[in-house]
Structures are given as C-alpha cells and as structure tokens.
Amino acid sequence: MDLNLHAVHDTAPLADPALDLAAATTPPAQAGDDPRFEAMQQELLQLLDRYTTGTEGILDTAIPGMAIYRITCPTGPKHAVQNPVFAVIAQGSKRLLIGDEVYEYDPMHYLVASVDLPVVGKVMVSSPEEPYLGLRLELDTLEIGALIGDENLPLAASTVSTDSAARGLYVNRLDVQLLDAVLRLLRLHETPRDVPILAPMIRREILYRLLMNGQGALLRQTVLQDSQMNRIAKAIRLIRDGYDQALRVEEIARDVHMSVSSLHHHFKLVTAMSPLQYQKNLRLQEARKLILTADASVATAAHLVGYESSSQFSREYSRLFGAPPLRDKRRWQEEEAPLL
C-alpha cells in the first residue's frame, strides 16, 4: 500500500487555499525564533515526568478534559477512534494512519483532530529510559463556537470558505505562545484550588491560539454552521449514534442537507473513508472491545454491533485487525492485559 507521509516538518496540502486565510496574519514566534522555547519544552518534560512517575498509559487529571500519558514500552499499532482533541508531546513521537495517509508529530509539533476519526496509532520511544510523555486536551465544539461568535475575534480568524472540506486532522508547528498556555494549564496541578477559575480561561486561550494558527480554519469549519465540514461532523455523529443500525445514507444526507453524492465526496475528504466503511470500522472496534475486555463471545459481539452473519463479521474483523477474533484475543492477553 502506498502511504502519503505527512511528516513532522509539514502537514498535508489543504483542500481549499481559502483555508489559509489566517496564515496571512503576523505568524507567532516559532520554535527556533525564541530562546524561551527550549526552556519551556524542558519544563513540560519535567512536569509530565513527575506527574506520571510510577504509571503506564493514560492518566486522567483534575483539569477537566485533560489527560496525560506515559508509555515506556509501546507495543504494536493500536486501532482507535480519535475524538476531537488537541495533543502535545514532550518526549518521543507518534504516528497516526488514516486511510493511506500517515501523520507524524513530535515535541516540535502538535496535533488537532476536529472530528471523530478511526485511526491506527503507533507510539515511538528511543528507549525505556526515555518514555513517551504527552498530554491531550479534549475539544468542545460549544466552546469553539462561542469563541468564533465573539465579536472581538480578529476577522482573519473568523473568515473561511464554507463550500469545501478537508481531512479532519492536522499536524502543525508548535509555537511559544501556545506552549506557554499549555504549561500554565498543566501547572494548575500544583494549585488545585485555582482549577475551577483559571482552567476555563486558559482553555479559551488555547482554543484562540489554535484558531489563529494557519490551519485553524479547519477547526473553525467544523463548528461553522452551513459549512461542509460542519455538515460532515453532523453526519459522523449520526453514524456514531446509530452504528449498530442499518446505514441509510439517503436519510443522513437529508438530515444534514446534502445530496447523497456530495455527502460521499466530502465525507471521504474528511475521514478518508466512505460512510459505510466508517460505520464498519466503528462496529468492528466496538466488537473488539466487547471480545477483549468484556469477555463476550464472537457471536454475541457480532450481533450487538449489528452484524447478522458471524462468518462475515470474522472475515472483516481479520481484515482490519490482522487475526480472527479468538486469536486476536489470545495475542492481546499476552501483550496488553498485563499492563492494565
């Protein structure tokens, strides 16, 4: 399979040049332009190392919507549904596969996912002594919408073409202003009493920084009413809410005010798959959870996620995860379960 590599140096070309309107504004100081950047990176690394010492995997925090990571010995690629999120890495790197495209990011770059996307992810570390350390902040479309509606938001950050769509995930260069806001949010662990008041303020600042960066237009489009990205985001929610039901593309197209052909075209631009492929991926991932962690039988899991044929389910499961359900479970028990 030929893969398009979106290296950490840059991201994919946007589907519409109008999406780069915000880039015409004065750019923020980049990593190599400000001597503070290296010191900030070191502080981020030290804080995450201290907060995650003695843990492995993901750790929820007292800051709403924020989670931190420590992965010492990463295993094989992981299938998951990437929710809308802003993610930063302090040490190590991560590779995400969406369709036939590969996105990589590292401590010099951040990742934004604006819609729910089935992905295959792989964490990379130099050695067990230098674990993968990072954080993620869930993105709330209501918060983004409120910020876009603020009359004080600069015009360049709120003007965007609405007649096209692009991939619902991007990697961008980390700058001093954004990293500074991330650090201030993370430091609130030291003063829990400040979290209820200061965390929402810093979250708003982070969203502002994301919207003002060049590819922030993709994030804006997701919540901008009547944009194609917004319609596809609604279609994704409809499919997710009824993933175990028969897929009726005509009804979804009608509900999001698109033609069937336009829905197919823009859905694939955003997710790298058709609506049917998207639903199938959701079904298989949900069934895998039931089999691996809830001890459901193959037939039960297949039925619960909407499959009528267990044999078809097993074939499609093997195609996605590389092994039939029971063999996949044995492999998972050997590799993953001891870490939980």
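Mentor: A contact means that heavy atoms lie within 4.5 Å. This is a predicted model, in which local features need pLDDT of at least 70, side-chain atom pairs count only at pLDDT 80 or more, and totals for chains, interfaces and linings use all residues. Residues are numbered from 1 along each chain as its sequence is written, and side-chain values use heavy atoms, leaving out hydrogens and water.

Trainee: What share of the contacts between residues at least 6 apart in sequence join residues at least 24 apart?

Mentor: The share is 77% in this protein.

Trainee: And how many helices and strands are there?

Mentor: The protein has 13 helices and 11 strands. Helices (H or I, at least four residues) and strands (E, at least two) are DSSP runs, numbered from the N terminus.

Trainee: How much of the protein is buried?

Mentor: Buried residues account for 49% of the 340 residues. Buried means under 20% relative accessible area, exposed over 50%, and partly exposed in between (1.4 Å probe, protein chains only).

Trainee: Now the loops. Where does D226 lie?

Mentor: D226 is in the loop between α6 (216-223) and α7 (228-241). Its phi is near 70°, a positive value in a residue other than glycine.

Trainee: Is D226 buried or exposed?

Mentor: D226 counts as exposed because its relative accessibility is 54%.

Trainee: Why does A272 count as buried?

Mentor: A272 counts as buried because its relative accessibility is 18%.
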